[in-house]
Amino acid sequence: MKRSWLLRLLLVGLVSGLLFEAVGQGQAESKAQSGDVARGKALFVRHCAGCHGPEGGGDGYRFLRGPDPANLTSPSTSKKSEAELIKTSHDGKPNMPPWKTRLSEIESRDVLAYVQTLAK
Ligand code: HEC
């Protein structure tokens with residue numbers, strides 16, 4: 001009698017453990033795909049705000065030559081797809097360094113997820 005109770009308890013524990021894990025993994029995956037805005041914001045402040053301004057308004061740094069940092073709150077940026085934005089930030093632009101080797105794939109997604117929240 002005692003034994004079967006113990007077995008059942010173990011089984012329940014095992015099954016709910018597995019369930020929890022599955023749910024946890026599902027969340028981690030969907031986050032990795034769309035980018036984490038909070039982490040993106042921290043990255044933006046560290047790497048991008050110097051040029052693009054604290055709010056992404058393009059008011060960070062003025063260059064002597066070439067294009068000024070893009071206003072990331074403008075419709076011309078918010079209309080772009082995530083793929084286009086990733087390409088730009090990976091490859092860089094005149095006056096903007098390429099971020100491919102400086103940010104991981106996940107960091108790029110995070111920072112661009114944040115950029116996409118800047119649109120006014
Ligand atoms: C050294 C200055 C500088 C830094 C640092 C910088 N940028 Fe830029 N960025 C620019 C400039 C200048 C342009 C505009 C280039 C042009 O108009 O051709 C630009 C353009 C862009 C664009 C294109 C906007 C559009 O509408 O196509 C994106 C996206 C972008 N930057 C994202 C980022 C992100 C994300 C970071 C941080 C990881 C970052 N930038 C850091 C200078 C910078």
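## Charges over rings

Arg8 sits over the face of Trp5, 5.7 Å from the ring centre. This is a predicted model, so keep that in mind as you read on.

## Aromatic pairs

Searching the whole structure gives two aromatic pairs. One of them is Tyr61 with Phe63, and its geometry is edge-to-face: the centres are 5.0 Å apart and the planes make an angle of 70 degrees. That label applies because the angle between planes is over 60 degrees.

How exposed are the two partners? Tyr61 is partly exposed, at 45% relative accessibility, and Phe63 is also partly exposed, with a relative accessible area of 23%.

## A greasy patch on the surface

Leu11, Leu14, Val15 and Leu18 together make a nonpolar surface patch of about 410 Å². Take Leu14 from that set: it belongs to helix 1, which covers residues 2–34. With a relative accessibility of 56%, Leu14 counts as exposed, because the cut-off for that label is over 50%.

## A buried aspartate

Asp110 is in helix 6, spanning residues 105–117. Is Asp110 buried or exposed? Its relative accessibility is 2%, so Asp110 counts as buried.

Which residues does Asp110 touch, leaving aside those up to four places away in sequence? The list is Gly35, Asp36, Arg39, Gly40 and Leu43.

How values were computed. Residues are numbered from 1 along each chain as its sequence is written. This is a predicted model: local features need pLDDT of at least 70, side-chain atom pairs count only at pLDDT 80 or more; totals for chains, interfaces and linings use all residues. Side-chain values use heavy atoms; hydrogens and water are left out. Rings of Phe, Tyr and Trp (its six-membered ring) pair if their centres lie within 6.5 Å; planes under 30 degrees apart count as stacked, over 60 as edge-to-face and the rest as tilted. Buried means under 20% relative accessible area, exposed over 50%, partly exposed in between (1.4 Å probe, protein chains only). A charge sits over a ring if NZ of Lys or CZ of Arg is within 6 Å of the ring centre and within 35 degrees of the ring normal. Patches are made of residues with over 30% relative accessible area and no salt bridge: like charges are joined within 9 Å, nonpolar side chains (Val, Leu, Ile, Met, Phe, Trp, Tyr) within 5 Å. Accessible areas come from the Shrake-Rupley method with a 1.4 Å probe; for residues, only the protein chains shown count as cover. A salt bridge is a side-chain nitrogen of Lys or Arg within 4 Å of a carboxyl oxygen of Asp or Glu. Helices (H or I, at least four residues) and strands (E, at least two) are DSSP runs, numbered from the N terminus. Contact means heavy atoms within 4.5 Å.
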